[in-house]
Amino acid sequence: MIAAALRRVELGEVPVATPTGRLVGASGLLLESAGCALRTGQRCMIEAASGEWIAAQVVGFREQISYLMPFKKPDGLSTGARVLPAPERAGLAIGPSWLGRIVNGLGEPIDGLGRLGGEHALASQPPRINPLKKTPVHEPLDVGVRAINSMLTLGRGQRVGLMAGSGVGKSVLLGLITRQTVADVVVVGLIGERGREVREFIDLSLGRAGLARAVVVVAPADESPLMRLRATELCHSIAAHYRDQGQHVLLLVDSLTRYAMARREVALALGEPPATRGYPPSVFSLLPELVESAGNGERAEGSMSAIYTVLAEGDDQQDPVVDTARAILDGHIVLSRALAERGHYPAIDIAQSISRCMALVAGREHQAWARQLKQLAGRYEQVRELMPLGAYVPGADPLTDRAVQLFPRIEAFLHQGVNEAAPLQDCLQQLQELLA
């Protein structure tokens, strides 16, 4: 009797049939499957003509047709190819062994250093936190950049955008911030950028010492839009994990614009109508959802600061992604092409930039010094073009005269070499001496 019962139990665990769909259409990266009920967000496997299986994810459906998007380039597909739901598997496990490693958007190591493991389950989606339970920003974040530390002081848990057109120095400045910022863990997301920059950023910007405390998630421009989306979300999940472990985390995402473009590709492929400059409306609702997952958590012991690069196409600061990022972030740092063409590095335009958390982390004297220097720099810009023409007459305005007199020192103060360190306290002392 016992043996018969055991046999019945064993037979009961054997699946009677495996649900199988068939590929009925392919248009670009969007694939159509029929014959098997699939839920949105579910992973599945598609059989190629070579016998290999291609991983994909369900991104939508209409009536009996499920829309799939592959994680990698779908070569060798044919009509009627089998589509199988991927078996439910345990999520990624994360731990200290992730530090110093480079992974793709699926959390798979691509550095050739072996498998990754850990003792904590990593959330598949960035966690959401009740806004009333978030720890407020109350202490400064030293990023090692003189123009930012002195004029645009950031706080631990702040989210800021680095906005500029192409070729103005966003990635170089991001590398300087990566090396100089005081943080326990640095999570870097290289999303949709040139593949050449990946190795350069790791070797030159991070270096061995920086990589030892960092986790790098890579999804270059030749990856599928779905992989770029997964990589961006994975960055936030990793950073949130270390934050909740009580560590101070710096999250760097290069770039938020490429994430928005990947969202646009998926939405347009699903038939969503374009709206502002070709971006469907869903893109602008999903950007805040991503950004709000960054910042501080419920525990006061850890923090999560985030810096996003935002590409202003054609140097247009009214670009829809730039404008949206400026509205949902806690500050923006604008890089000026005019300053870059004059050889001023970093090309930070302090007049157009702002840190909304500076009043929370900087003293009154520091804020007064920053306002005074910004006023002097603005006054000098008003007469810059008049001076070569001889139209500027000293003595007419004492504030303008002082601005003209101090501007060479102001410009030298805001300039910084690629390998030059600028601790926060040194910056404040130099700012005070400049305006004394």
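This passage describes the fold, the packing and selected residues of the chain shown above. The structure is a predicted model, in which local features need pLDDT of at least 70 and side-chain atom pairs count only at pLDDT 80 or more, while totals for chains, interfaces and linings use all residues. Residues are numbered from 1 along each chain as its sequence is written, and side-chain values use heavy atoms, with hydrogens and water left out.

The secondary structure of the chain comprises 13 helices and 18 strands, where helices (H or I, at least four residues) and strands (E, at least two) are DSSP runs numbered from the N terminus. The C-alpha trace spans about 105 × 45 × 40 Å along its principal axes. Of the 436 residues, 51% count as buried; buried denotes under 20% relative accessible area, exposed over 50%, and partly exposed the range in between (1.4 Å probe, protein chains only). Among contacts (heavy atoms within 4.5 Å) with a separation of 6 or more, 71% come from residues 24 or more positions apart.

The UniProt record, an unreviewed entry, lists residues 156-339 as "domain: AAA+ ATPase"; UniProt positions are given in the numbering used here, feature names are shortened, and annotations may be inferred rather than shown by experiment. Over residues 156-339 the chain is 47% helix and 21% strand, with the end C-alpha atoms 28 Å apart.

Helix α6 (residues 256-269) has 14 residues and should span 20 Å at 1.5 Å a residue, which agrees with the 20 Å between its end C-alpha atoms; the expected span is 1.5 Å times one less than the number of residues. Buried positions in α6 include Leu256, Tyr259, Met261 and Val266. The buried residues of this helix pack against β5 (65-70), α5 (225-244), β15 (248-254), α7 (281-291), β16 (303-311) and α8 (320-328). Just after α6, Gly271 adopts a positive phi of about 95°.

In soluble globular proteins, nonpolar side chains tend to be buried together. A nonpolar core is defined as a set of buried Ala, Val, Leu, Ile, Met, Phe, Trp, Tyr and Cys residues joined through side-chain atoms within 4.5 Å. The largest such core holds 59 residues, of which Val145, Ile148, Leu173, Ile177, Val216, Ile348 and Leu373 touch the most other members. A second, separate core of 53 residues includes Val217, Val283, Val291 and Ala294. Leu373 touches Met151, Ile350, Ile410, Phe413, Leu431, Leu434 and Leu435, residues up to four places away in sequence not being counted.

The structure holds zero disulfides, a disulfide being a pair of cysteine sulfur atoms within 2.5 Å. Cys36 is in no disulfide, and the nearest cysteine sulfur, that of Cys44, is 8.6 Å away. For Cys44, the closest cysteine sulfur is that of Cys36, too far for a bond at 8.6 Å. Cys36 counts as buried at 11% relative accessibility, and Cys44 is buried with a relative accessible area of 0%.

Arg39 lies in the loop between β2 (30-34) and β3 (43-47) and is partly exposed, with a relative accessible area of 48%. Apart from neighbours within four places in sequence, Arg39 is in contact with Val58 and Glu88. Glu197 lies in helix α4 (residues 195-212) and counts as buried at 15% relative accessibility. The side chain of Glu197 makes a polar contact with the side chain of Arg194 (2.4 Å); a polar contact is a pair of N or O atoms within 3.5 Å, where within protein one must be able to donate a hydrogen and the other to accept it, and residues adjacent in sequence count only if both atoms are side-chain atoms. The C-alpha atoms of Arg39 and Glu197 are separated by 37 Å, the two residues lying 158 residues apart along the chain.
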